[in-house]
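Hi,

Here is the structure I promised to pass on. Have a look at it first, and then read my notes below.

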Amino acid sequence: MGYFSSEGLPIKISEVIGGHRTLHELLAGNADLATSSDAVVMFNSFECSDYAVIATFVTSADDIKIITRSGTGITHPLHLQGKHVGTVTGAASHYYLDMLLLLHGGDPRSVQLHNLQPEAMANALKHKQVDAVAIWEPYPFTILKSVPGTRTLPKSSVYRLTFNLVAHKRLLGVRDNDLVKLLRALDRAEQFIKLKPAHAMSILRNRLQLDQSFIYWIWPRYNYRLSLDQSLLTTLEGESRWARQEGYIKKELSPNYLDFVYTGPLNRVRPESISIVR
């Protein structure tokens, strides 16, 4: 829609699959900003503090799903115990899988975990290398269509996923004016989504080259709103406790996640959307 250019902000978008890869690109010096889930922000925080979230731009309580293949007998989260399950370890799907098991009184360590990239999961199910996968959209939709007999476990509200705009700290305080322009453009895009959903759906369908049934499937599952909520800090702190307790992180203490949030630019765009207490 030309929102970036109308702000006088030339940008270059480099596409990779998954927030774990986008943040790697940022930390490797190949990008100034990245988009990622809160879980990726948390996992990397134990190794590096060179980045900060400048805004959450989407939230969803129904993005990640557990997909099972036929013949496994998995119809309930507890049935995942002892089974081979693929996920992207160190990402939001991994956290969701463990939280779902814990919610139902299961033991995450009982799962035989396979670290798979999202694009490999359909074949892993098809060739019976795993019994189930935990992954984010659009992969559940494409897997259900391409792998006969696959099903989703019932929706759970155990975890609200946030998608966040992450900036390298070398930008903070130095290029705040550019970050304000970026957030203003995103804010205009999110208002467009709310006010003209049919047009926005058409753009999404053409952009992803997926059919209209996917658009109808995905559309109600996301809330597009710029924010920096106190709940983001609560989620990061909860995830870090889980990662240490389950042995995924070999550190005794968690970082202070206030150091991983920068409110300056959003405060100039939508100050009312910030509820973080310092």
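Predicted model: local features only at pLDDT ≥ 70, side-chain atom pairs only at ≥ 80, totals over all residues.

Residues are numbered from 1 along each chain as its sequence is written, and side-chain values use heavy atoms, without hydrogens and water.

Five bridges join S1 and S8 (residues 161-168) in the antiparallel sense. Strands here are DSSP runs of E with at least two residues, helices are runs of H or I with at least four, and both are numbered from the N terminus. Two strands count as paired if DSSP finds at least two bridges between them.

Helix H3 (residues 38-45) touches S1, S2 (51-60) and S8, and its direction makes about 105 degrees with that of S1. Helix H7 (residues 176-195) touches S1, S2, S8 and S9, at about 150 degrees to the direction of S9. Those angles run from 0 to 180 degrees between N-to-C directions, with axes fitted as lines to C-alpha atoms, for helices over the stretch in contact.

So what is the strand order in the open sheet? The four strands run S1-S8-S2-S9, with antiparallel pairing. S1 (33-37) and S9 (223-227) are at the edges with a single partner strand each, so one side of each has no neighbour in the sheet. On average, neighbouring strands are turned by 25 degrees against each other, direction ignored.

Cheers

Conventions: Contact = heavy atoms within 4.5 Å.
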